[in-house]
Amino acid sequence: MADPSSTPENAPADTIFGRILRGEIPCDPVHSDELCLAFRDVNPQAPVHVLVIPRKPLVNLAEATGADAPLLGHLLLVAAKVASAEGLGGWRTVINSGVEAGQTVFHLHVHVIGGRPLAWPPG
Ligand code: AMP
């Protein structure tokens, strides 16, 4: 059995976003509060591409519980605030959950994407 005190390889604290939250690597922030941080995606898919991440190290929505409902609501409200501050008339929010959905960083994040026409359905 694994040592319960050990940190799994993909533990949120070890993701790139954990390192950003701890100030170990830089980001381009657009919003910060006691519950979350929002910063520009390093590989933007549109003129505006911001990530909103909780300070709590949740892996993704599959890991969230009822106790996280206020936090999840807060992330969405911050996403809307960021979109408004960026001057977006319309925007898309995306939360990839799991490898099959394209999640590559295993610390929950809300993508806020806008500034160009967005096709539907997504790829
Ligand atoms: P996902 O594929 O949903 O897990 O999204 C992860 C996102 O994190 C991608 O859009 C990456 O471009 C972005 N990303 C990875 N590393 C960084 C970083 N150091 N700063 C900002 N965005 C990052």
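The model is predicted.

**The ligand and its shell**

Begin by selecting the ligand together with the 16 residues around it; those that come nearest are D41, N96, G102, T104 and H111. Colouring this shell by residue class gives seven nonpolar, seven polar and two charged residues.

Next, display the side chain of N96, where a polar atom lies 2.8 Å from an oxygen atom of the ligand. At G102, show the backbone instead: one of its N or O atoms lies 2.8 Å from a ligand oxygen atom. Then turn to H111, whose side chain places an N or O atom 2.8 Å from an oxygen atom of the ligand.

**The pocket and its elements**

Switch to a pocket display; the space that the ligand takes is the second largest pocket. To see which elements give two or more residues to the shell, select α1 (16-21) and β2 (36-40). Of these, α1 supplies the largest share of the shell, three residues.

**Strand β3**

Finally, select strand β3, residues 48-54, and within it pick V50. Is V50 buried or exposed? V50 counts as buried because its relative accessibility is 0%, the cut-off for buried being under 20%.

Terms used
Residues are numbered from 1 along each chain as its sequence is written. This is a predicted model: local features need pLDDT of at least 70, side-chain atom pairs count only at pLDDT 80 or more; totals for chains, interfaces and linings use all residues. Side-chain values use heavy atoms; hydrogens and water are left out. A residue is near a molecule or strand if one of its heavy atoms lies within 4 Å of it. A polar contact is a pair of N or O atoms within 3.5 Å; within protein, one must be able to donate a hydrogen and the other to accept it, and residues adjacent in sequence count only if both atoms are side-chain atoms. On a 1 Å grid over the protein atoms alone, a cavity is a set of points where a 1.4 Å probe fits but cannot get out, and a pocket is an open set with protein on both sides within 12 Å along at least five of seven lines; lining residues have an atom within 4 Å of a point. A molecule sits in a cavity or pocket if more than half of its atoms lie within 2 Å of its grid points. Helices (H or I, at least four residues) and strands (E, at least two) are DSSP runs, numbered from the N terminus. Ala, Val, Leu, Ile, Met, Phe, Trp, Tyr, Cys and Pro count as nonpolar, Asp, Glu, Lys and Arg as charged, and the others, Gly among them, as polar. Buried means under 20% relative accessible area, exposed over 50%, partly exposed in between (1.4 Å probe, protein chains only).
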